[in-house]
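Thanks for coming. I will keep this short and go through one model, so please have the sequence and the structure in view.

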Amino acid sequence: MLAKRRDVVRLGGLFAALATIGMLTEEEALAQQQAWNKAAFETKNPRDTIKALGGSSAAESKDITMTVPDIAENGAVVPVAVASRIPGTQNIYILVEKNPNTLAAGFTLPQGTEPSISTRVKMAQTSNVLAVVKANDQFYVASREVKVTLGGCGG
Amino acid sequence: MPDPMRIRANALADGVDVRVLMSHEMETGQRKDGSGNIVPAHFISNVTVSHSGKVVLSAEWGPAISKNPYLQFKFHGGSKGDEVTVTWVDNKGETRTDKAVIG
Amino acid sequence: MPPRVIAVRSRALAAMAVALFASVASAQNSNSTMDEIARYRQMLQEGNPAELLIARGEELWKTPRGPNNASLEKCDLGLGPGVIKGAYARLPRYFADADQVLDFEGRLVYCMVTLQGFARADVVKSPFSGTGQRQTDIESITTYVVDQSRGMKIDVPQEHPKEKAAFERGRYLFYMRGGPYDFACSTCHGADNQRIRLQDLPNFEETEAARLAFAQWPAYRVSQGALRTMQWRINDCFRQQRFPEPVFVSQATIDLITFLGVRANGGTMDSPSIKR
Amino acid sequence: MMKRSRTLLAGAVLIVSFGGCATSSSAPPTEQETLAVIRAGFRDRGIATVDRLNQTELQATCSKYHNNPPQDVRAHLEKAALATVKYPGDGKWLGDFKQGERIAQTGVGLQWTDTAATVNGGNCYACHRLSKEEIAFGNIGPSLYHYGKTRGTSDETLRYTWGKIWNTHAYKACSQMPRFGDAGILTEGQIKDVMALLLDPNSPVNK
């Protein structure tokens, strides 16, 4: 999950500056920056996202349950819940295929935490939403289409 | 200073259910303001939830998480009266930590 | 069954994922569009960001502020100074001190001016937060106060002559067609089971619909990522009606809210709600 | 009717200046008192100016009867509305259905958040079902799916459809639909495009 070395170096200055005005200690800032996978969040399609997350292939799995609306009345808030029954689940990722950047979120689930999370994402348009699960260092995927509709009489 | 979170942590038969609402703009970096200038991205990038000094969930978010984010999950090993701590950090280095007692 | 491996390098990943799940999706698609929208709305109910504002509103209510360094705790919302519980559900109403019918936001402005000493012009200048802006004090306080009426019966009084007059004028405005589109409130809200696009339009001449609609404002609007008050709701309806802008807490807006509130009497407050 | 409105406005100012006295009796407010309060409750913002509160005869009549006028009034309004319809000068009824679909999807124009330069939309989908593909359609107006397929393009249909879009009250007094031509919401060219959306056999409406 390390960001590329040059990103860390480039952002070092910014975070050092923030540290001096007391928002974060330098170590904290650096630790957080390293924990944010810039390369993965900049990908433009699911294939590249999974690659950037360290995978080479993803298997379609029926052991991933996605709870999403078939139709979202507004793309600004689309509830997404993902639960994995795949043994050894380490990470859950939420991808929105047609967003400007594909990866919306990644969750790391230590032992003792249920492999199930619920959150809300933005969708720029009707798209497939993908749940990617990393378990025992293998990648698995499930997908559902969510239609985003227009609303109101002034837009 | 960012507004406080709303954290609910409830001990249920099958684990501790944690629900968090965070107050954050989650600016995408794609939106233009009234004068046509791009509003810079501003979003929570990392969330950490811990219990008894142990991390029970960590998350990396991009700007596609909805404004005023919501998060729900469950962990085992917590009991009523324990504290759950949630910390977020955004891409500008702002941060906020709040705690809730498991009910 | 061992999972079938798809090479990530293949462009087919997304396409295959769609194909694999299309059957599942289509089976669930037998519901009508409106059922699916109802399901989406249901999914939103858990975790209403309006909750984030309640604490801030409470602090603003209780903190001494303004030129008089006074809190709002002595503000009389109709049930006596400082009584908040259930107050929102009984507004708008006539206030003898102001000799006027006021809705909650109108009364809040009155208290901020008379108790705290703020200049009225400053208070009413920017009552609604814009995109990407922090919620205003008025929005925060309104959220705190309306939350204290959740579960209470809507009981907008019609006793004082001025309360009756407000209702009559509100009703007139409700049916008043104008502007380049010839719209009135009643264009959208005067018949049963109407909708614009997929948004249901409550018929305010029908008791149950009026109750449900009135009970859910103020509301957190996910489309705007913001808590919106009843005055905002009226304001944005008139924008889409192509009317000129209603003046914040003007008598005309309060009259209209009185009309809607009286129509909703007997309903149960369920605000702040969360909406599209 | 502009004259009538100005008279009301003058009355309004007078009543406002008397403050609360106007409604202190227990008698219901008069129409003049009500209009005074309404006028005081709105202000100009951008292109949405308070003169929009000056009702036309049609607006005032439909408001008064809650859109259900008696038969003789109805006939009068319909006759007056039909007289406002301007049919296409070049005799061509149909434009580009693809442009028509865009107009049907767009709801901007004439709000205080728009400008004089905003190209107005028709926002047809707000109230009508049109193409099969768009599932987010309203139901204030009837479904127009297969409009052309079921009606064809006879001269009579063309004239009726054009008139209905130009000034809906020509065929149904106190209809809820805007007067897209008469009120200057859409241009003649835009109305041709909407006509094509409804009547062109290749339009998604007729698929």
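Predicted model: local features only at pLDDT ≥ 70, side-chain atom pairs only at ≥ 80, totals over all residues.

Residues are numbered from 1 along each chain as its sequence is written, chains are lettered from A and ligands numbered from 1 in the order in which they are written, and side-chain values use heavy atoms, with hydrogens and water left out.

Now the cysteines. How many disulfides are there over all chains? The count is 2, where a disulfide is a pair of cysteine sulfur atoms within 2.5 Å.

In chain C, Cys75(C) is bonded to Cys111(C), with 2.0 Å between the sulfur atoms. The link of Cys75(C) and Cys111(C) is right-handed, at 75 degrees about the S-S bond. It ties together distant parts of the chain, 36 residues apart: Cys75(C) sits in the loop between helix H3 (51-62) and strand S2 (93-95) of chain C, and Cys111(C) in helix H4 (residues 104-114) of chain C. Helices and strands here are DSSP runs, numbered from the N terminus: H or I with at least four residues for helices, E with at least two for strands. Are these cysteines buried or exposed? Cys75(C) and Cys111(C) are both buried, and by that I mean under 20% relative accessible area, with exposed being over 50% and partly exposed in between, using a 1.4 Å probe and protein chains only.

In chain D, Cys62(D) is joined to Cys174(D), S to S 2.0 Å. This link of Cys62(D) and Cys174(D) is left-handed, at -85 degrees about the S-S bond. Here too distant parts of the chain are linked, 112 residues apart: Cys62(D) belongs to helix H3 (residues 57-64) of chain D, while Cys174(D) is in the loop between helix H7 (155-166) and helix H8 (188-199) of chain D. Cys62(D) and Cys174(D) are both buried.

Cys237(C) counts as partly exposed because its relative accessibility is 25%. Cys188(C), at 13%, counts as buried.

Next, the surface of chain D. Leu82(D), Tyr160(D) and Tyr171(D) make up a nonpolar patch with about 250 Å² of accessible area together. Patches take residues with over 30% relative accessible area and no salt bridge, joining like charges within 9 Å and nonpolar side chains (Val, Leu, Ile, Met, Phe, Trp, Tyr) within 5 Å. Accessible areas come from the Shrake-Rupley method with a 1.4 Å probe, and for residues only the protein chains shown count as cover. Tyr160(D) is in helix H7 of chain D and is partly exposed, because its relative accessibility is 33%.

Last, chain B. This chain has 7 strands and 0 helices. Of its 103 residues, 52% are buried.

Chain B meets chain A through 33 residues of chain B and 34 of chain A, contact meaning heavy atoms within 4.5 Å. About 2700 Å² is buried between chain A and chain B, 52% of that from carbon and sulfur atoms; buried area is the accessible area (1.4 Å probe) that two parts lose on being put together, summed over both. Across this interface of chain A and chain B there are 0 salt bridges, a salt bridge being a side-chain nitrogen of Lys or Arg within 4 Å of a carboxyl oxygen of Asp or Glu.
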